[in-house]
Structures are given as structure tokens and as C-alpha cells.
Amino acid sequence: MGYAILSKLAYARNRWHQALAGLMLATTLASAQAAIFAGSAIAASVPEGSTTANQVIKDGVSLQLDMSQSMQEGAEARFTLSLRDAASAKPIRNARPIAWVDGQGGQTQAGESSEQACRRKVATFIGGDLLHAPALSLNAYYVLALNEDNSISVINPQTGFGGSKLLTMVILHGPGQDWLLTPEQNLWVSQPQVHEVALVDTRNWQVKTHVPVPGHPGQMALRPGAQQLWVLTDDGVTVLSAINGQVLANIKTGQGSHSIAFSDDGKSAFVSNAADNSISLIDAGSLKKTAELAGGSKPVAMAWSSRAQLLYVAHEGDGQIIAFDVAGKQVASIKALPGISTIRFAPDGRYGFILNPQKNKLDLLDAATNQIVQGADITHGPDQVTFSDRMAYIRRRHSEIMQLVPLDAIAHNIQAGQALALASVSNGQKALDQGRSAGSLADTTVMVPNGAAALLANPADRTIYYYQEGMSAPAGSFRNYGHEPRAVLVLDHSLQERQPGLYQASARLPKAGNYQVVFYLDSPKMLHCFPITVQADPSKPPATPYAVTLAGAAPALTKGESQNLQFVIRDAVSGQPKTGIPDLQVLLFNTTGNQQLQLDAHEQKNGDYGISFAPSVSGHYYVYFQAASLGMSWNQSARLVLTVK
């Protein structure tokens with residue numbers, strides 16, 4: 001009975017995209033948790049087996065926990081869980097384990113065993129009890145929105161407070177144009193208006209470094225097999241270390257807009273130069289340009305086909321698709337209509353999707369024959385395509401309707417001489433191009449991990465929609481708190497199977513103390529709590545936490561009226577006010593309207609700091625604080641909420 005209820009809870013949590021859509025049933029979770037705490041959920045105990053500090057065998061399943069060598073507070077630790085059949089020692093593959101690090105140590109309630117306490121913790125964490133949150137979650141998913149201003153919204157779809165799922169905001173120096181995640185899950189963002197790229201640490205949502213880049217950085221790409229970030233600029237490409245942003249090379253290629261592609265092995269890089277009608281071939285090992293390939297008129301997009309082992313270059317000016325081998329030799333030329341903007345290959349590398357927003361046209365290129373084998377008329381400017389395992393998602397810039405192409409039907413349609421199968425789904429209320437700002441280079445559609453579902457960003461609606469494949473409409477949505485989501489990403493921090501039977505996740509360790517790694521697996525059944533100890537960092541001086549509060553009662557704020565707000569910064573341990581802060585800044589943004597303000601706070605009297613605030617819209621405002629002299633940043637400061645009538 002206990003496992004049955006936990007299984008339902010785990011299923012609800014593992015199907016996290018239902019939480020994205022707001023479909024998780026709180027009453028079901030509440031009744032299940034009540035049953036657990038009442039005792040009916042633990043009527044049948046799990047037979048005890050062989051147990052050591054880091055290994056347990058139960059019901060024919062062997063579970064072992066291994067930690068990285070560094071167990072010091074603040075260190076990046078790797079959690080490795082090994083699942084094997086106890087009798088045969090064969091790895092258990094394709095499992096869906098979930099785990100947390102509990103800051104309560106081994107505490108139990110009166111009358112309960114350690115296993116009952118462990119089961120209670122699993123039920124509590126799966127249920128998302130905000131009053132009993134774990135110190136760390138090894139199941140975290142985050143939705144990121146690249147906004148029209150200099151911010152990135154970080155949304156936690158699994159938790160929320162007061163209806164808000166906004167975890168934090170990352171503040172950049174300028175609006176982002178493109179972004180990408182490294183295998184280490186660091187986030188790089190190009191910012192052409194301020195001539196730099198930023199590296200964001202997604203463990204604490206801090207900007208680690210700003211790297212100046214010549215010209216206006218735009219599209220970025222990671223070189224396969226190397227920790228290198230290639231950033232396209234005005235007249236070529238700048239190559240950086242993807243770890244720390246060190247500049248490795250500035251390679252001039254030509255004029256005009258650029259696109260970039262790599263061979264599968266990462267040894268060859270190709271950069272198109274639209275104004276020069278050329279493609280530069282670069283030896284990625286030596287970071288030297290080795291050849292200039294003649295193309296057609298205005299090459300604007302490129303894609304490498306792993307199936308054909310060829311580069312395909314799409315030309316907007318004359319509609320040519322030219323194929324080159326890895327050495328730069330032209331292999332084929334395919335004729336399409338002028339106006340092409342995009343070419344991308346489906347996951348198997350065979351069919352290339354060619355989009356023409358000027359002619360409202362989709363062409364399918366077969367890399368096996370180097371011929372266009374199918375096509376369809378798609379109105380309202382098709383200009384972007386992304387893929388799941390089953391579906392192609394085609395964005396139309398002048399419409400809110402997304403066009404879908406089932407990938408498994410393409411070959412049948414071609415062989416049977418049938419028209420390409422098409423479906424559609426609404427991506428909100430307004431056409432995407434009705435937003436205030438121009439679009440970014442990054443995708444507005446991203447797949448949800450571990451599920452046949454997608455997130456669809458609509459800048460004009462200021463909303464991110466959740467769509468489950470097979471449905472006729474989105475199942476739910478996220479507000480983006482007054483910002484326009486020009487692109488969307490999903491960051492997966494959960495346990496992943498890195499080798500057969502080995503499931504790993506990385507997380508930054510919390511402060512020193514005794515903890516438990518709380519593990520649960522729905523199929524096959526397994527539940528256990530491992531004790532761990534996080535050591536203190538001897539080189540780190542004790543941190544002084546600060547508490548930020550309003551000076552006095554919350555003021556009555558009125559739209560359109562300038563009002564003085566006063567804050568007190570206190571030592572959270574002693575309670576004493578902190579005076580003489582020279583660099584205190586306040587960030588206010590409205591959750592439903594369209595106002596974001598960053599203001600300098602000035603000391604007015606001992607311990608009080610003030611700003612003058614004139615809200616232009618009514619509703620709720622989030623308030624964050626930053627002071628470099630205190631080591632306080634936006635993402636580390638306490639958040640206040642103000643209400644404007």
C-alpha cells in the first residue's frame with residue numbers, strides 16, 4: 001500500500017510536464033500524503049537486506065551511492081547511483097530514479113523507524129511541501145526565457161509560491177541575441193548591443209564573467225569534441241574557451257551576416273559570408289582559415305548532415321542549396337526558390353527542412369539523393385524549425401499557429417506520392433511578430449526532457465505555452481511576468497543515465513553538516529536514505545548573512561504617484577543595522593505589467609536606505625537588492641513583494 005501511493009506520487013512528479021501545464025492534482029497529492037502520515041501507507045514494510053554505509057540490497061535490487069572526492073561545502077559534487085540486479089549484477093537500464101539531499105540528517109518522529117522516516121521524506125518531497133523543502137533536489141528542471149530587455153527569467157515549474165513560479169531573474173549588461181548551454185550546464189549569452197558575451201553559472205544564477213568581443217556578437221556554437229565556444233561577429237568568428245571565456249582566436253572570414261556549422265568530428269568549421277557570397281573553411285584544430293569556397297548568392301544558413309557527411313548551404317539570393325564535403329569540394333547543387341532563410345536536418349540526418357518565408361514555402365531535401373523530394377505551402381512566413389523525436393515544429397512569424405510535420409510519415413508520403421502530412425497547434429492569441437521587439441536568433445520552441453512535449457514561447461502574449469504531442473491545443477502556460485520571451489530553453493539538472501545502470505547528477509554542496517541522500521525508484525521498487533557529511537571549508541571565513549526589510553509598515557502605494565521607500569539592512573545574526581553601504585541598488589519589476597526599474601539607494605539615517613519610486617502600473621512588484629561591498633547579489637538577496645493600487 002505504501003509503495004503504491006508513493007508510486008502515484010512519483011509518477012506525478014516524474015511527469016513534470018503536467019506540472020508545467022498546471023495539471024498536477026493537489027487534492028490527490030494531499031490525500032495520498034495524508035494516508036502516508038496516518039499510517040495506512042506504511043502497513044507493509046520493505047524486507048530488509050544487506051546494508052552498508054553506501055550500498056543497500058533490497059528485493060533483488062542492488063543500489064550503491066558514490067560521491068565525488070570533494071565533500072566540502074560550496075564544492076561541485078557528483079552524485080553517482082549504481083543500480084544493478086542483485087543476483088546477476090547486470091545493470092538496470094532506462095530507470096527513472098529521483099533523489100534529494102535532506103538537511104534534516106537522520107531525524108525521525110516519535111515511534112517511527114528509520115525506514116518509515118525515509119518513506120515520509122520521500123512523500124513530503126514528491127508532494128512539493130514548501131515548508132519542508134530539501135537542501136538540494138537532484139530532480140530539478142528549469143525553464144529559461146530570453147527576454148526583450150537585459151534579463152533572463154528563470155522559472156521552476158515544479159514549485160511555486162503565491163501562484164508565482166518565477167525562481168529568479170538574471171540581469172545582463174544588454175539584451176541577449178543567442179544563447180547555448182555547455183555540457184557542464186553553464187549558459188553563454190551573446191549581447192550585440194554591448195559587444196560582449198556573458199557566462200552564467202546555472203547552479204547559483206550568477207553571471208561569472210563578461211567577455212568583450214569585437215563587433216556585434218550574434219550566433220554561437222560549441223565545437224564538437226572540444227571545450228570551445230565559437231561566436232560569430234561582424235567580419236568573422238571569435239573562438240573562446242567554453243570554460244572561462246579566454247579568447248583563443250579572432251578569425252576574419254568575410255563581410256555580411258554569418259552562419260556556422262561543424263563536421264561531426266569537430267575538425268572542420270564552416271562560416272558563411274552573405275555579403276561576399278562565400279563560405280570560409282577553417283581548420284578547427286589550428287584555428288586557421290584554409291580555404292574560401294565559392295557559393296551562390298547570399299548564403300544565409302548552413303546545416304551538416306550526419307547521414308550524408310556533407311555540408312548543405314542555403315542561399316537566399318538565388319535559392320541554391322550547395323553541398324560540400326569535409327574538404328570543401330562541391331558535391332551537388334540543388335535548385336529551390338529565392339528567399340530561403342533556414343535549413344535544418346531532422347534527427348536522423350536524412351531529411352533537411354528548407355524554409356522560405358518570402359515565398360511561404362517548405363521544401364524537403366533528401367540527403368540520400370541530394371534532391372528535393374517533397375514540399376508544402378505554409379503561409380505567414382515560416383522561418384524556424386525545431387525537432388522532437390516524432391515531430392517537426394515550424395514557426396510562422398506572422399501567425400500564432402504552429403505547423404507540425406510528423407516525421408514518421410514523411411517516407412510513406414513520398415513513396416505513396418501523397419501530399420506531406422501537416423497538422424497545426426495554436427501558440428497563443430497573437431501573432432509572434434506583434435511583440436515590441438525584434439526576435440532573437442535562438443529558438444522559440446524547445447522540447448521537454450523525457451516526454452513527447454514542447455514549450456512554445458510567444459513574445460506578443462508574454463507567455464510560454466506547454467504542448468503535449470497528440471493534443472489539438474496547448475495544455476497550459478506560464479506567464480513571463482510582463483516580459484517578452486524571445487527564446488526559451490529547458491535546463492535539466494536531474495539524474496541522467498551516463499553509463500548502463502549508472503545515474504549521475506551534479507550539484508553544489510550546501511553548508512557543512514550532516515545530511516541524507518533520499519532515493520526513490522518506482523520501477524523496480526526501491527527506497528533508501530544514505531547518510532552523508534558535508535565538511536566545512538577551512539579557508540572560507542564565516543559568511544555574514546543580511547536581512548532586508550521595509551523600514552516600518554508596508555506603504556500604501558498608488559499608481560502614478562512618486563513615493564519614498566525606505567529599507568533596513570541588518571546583520572541576520574546580531575540584528576544590528578548595517579550602515580555606510582556605498583553601492584546598494586534596488587531592482588523592482590512588475591509581475592503583470594511592463595515596468596522594470598534599477599535604482600540606487602541612498603543612506604538617509606542610521607541603518608535606513610531610501611529610493612523614490614513612481615509605479616506606472618498597478619499590481620505586484622518584486623523587489624531585489626544588490627551590494628557588491630557586502631557580497632550581496634540580486635539572486636542572493638531576500639525578495640520583497642509590494643502591492644500598487
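A residue is called buried when its relative accessible area is under 20%, exposed when that area is over 50%, and partly exposed in between (1.4 Å probe, protein chains only). The structure discussed here is a predicted model, in which local features need pLDDT of at least 70, side-chain atom pairs count only at pLDDT 80 or more, and totals for chains, interfaces and linings use all residues. Residues are numbered from 1 along each chain as its sequence is written, and side-chain values use heavy atoms, with hydrogens and water left out.

A disulfide is a pair of cysteine sulfur atoms within 2.5 Å, and a search of the whole structure finds one. This bond joins C118 to C529, with an S to S distance of 2.1 Å. The link of C118 and C529 is right-handed, with 95° about the S-S bond. Because C118 belongs to helix 4 (residues 114-127) and C529 to strand 41 (residues 526-534), the pair ties together parts that are 411 residues apart in sequence. Here helices (H or I, at least four residues) and strands (E, at least two) are DSSP runs, numbered from the N terminus. C118 is buried, with a relative accessible area of 4%, and C529 is buried as well, at 12%.

The aromatic rings come next. A pair of aromatic rings is described by the distance of the centres and the angle of the planes. Rings of Phe, Tyr and Trp (its six-membered ring) pair if their centres lie within 6.5 Å; planes under 30 degrees apart count as stacked, over 60 as edge-to-face and the rest as tilted. The structure holds nine aromatic pairs. In one of them, F270 and W304 have ring centres 6.3 Å apart and planes at 25°, so this pair is stacked. F270 lies in strand 18 (residues 268-273) and W304 in strand 21 (residues 299-305), so the pair ties together parts that are 34 residues apart in sequence. Both F270 and W304 are buried.

The rings of Y393 and Y467 have their centres 6.3 Å apart, but their planes stand at 80°, and the pair is therefore edge-to-face. This pair links distant parts of the chain, with Y393 in strand 30 (residues 391-396) and Y467 in strand 35 (residues 463-468), 74 residues apart. Y393 counts as buried at 1% relative accessibility, and Y467 counts as buried at 2%.

At 4% relative accessibility, A505 counts as buried. Contact means heavy atoms within 4.5 Å; not counting residues up to four places away in sequence, A505 touches A77, R78, F79, L138, H493, S494 and L495. The C-alpha atoms of A505 and A77 are separated by 8.5 Å, although these residues are 428 residues apart along the chain.
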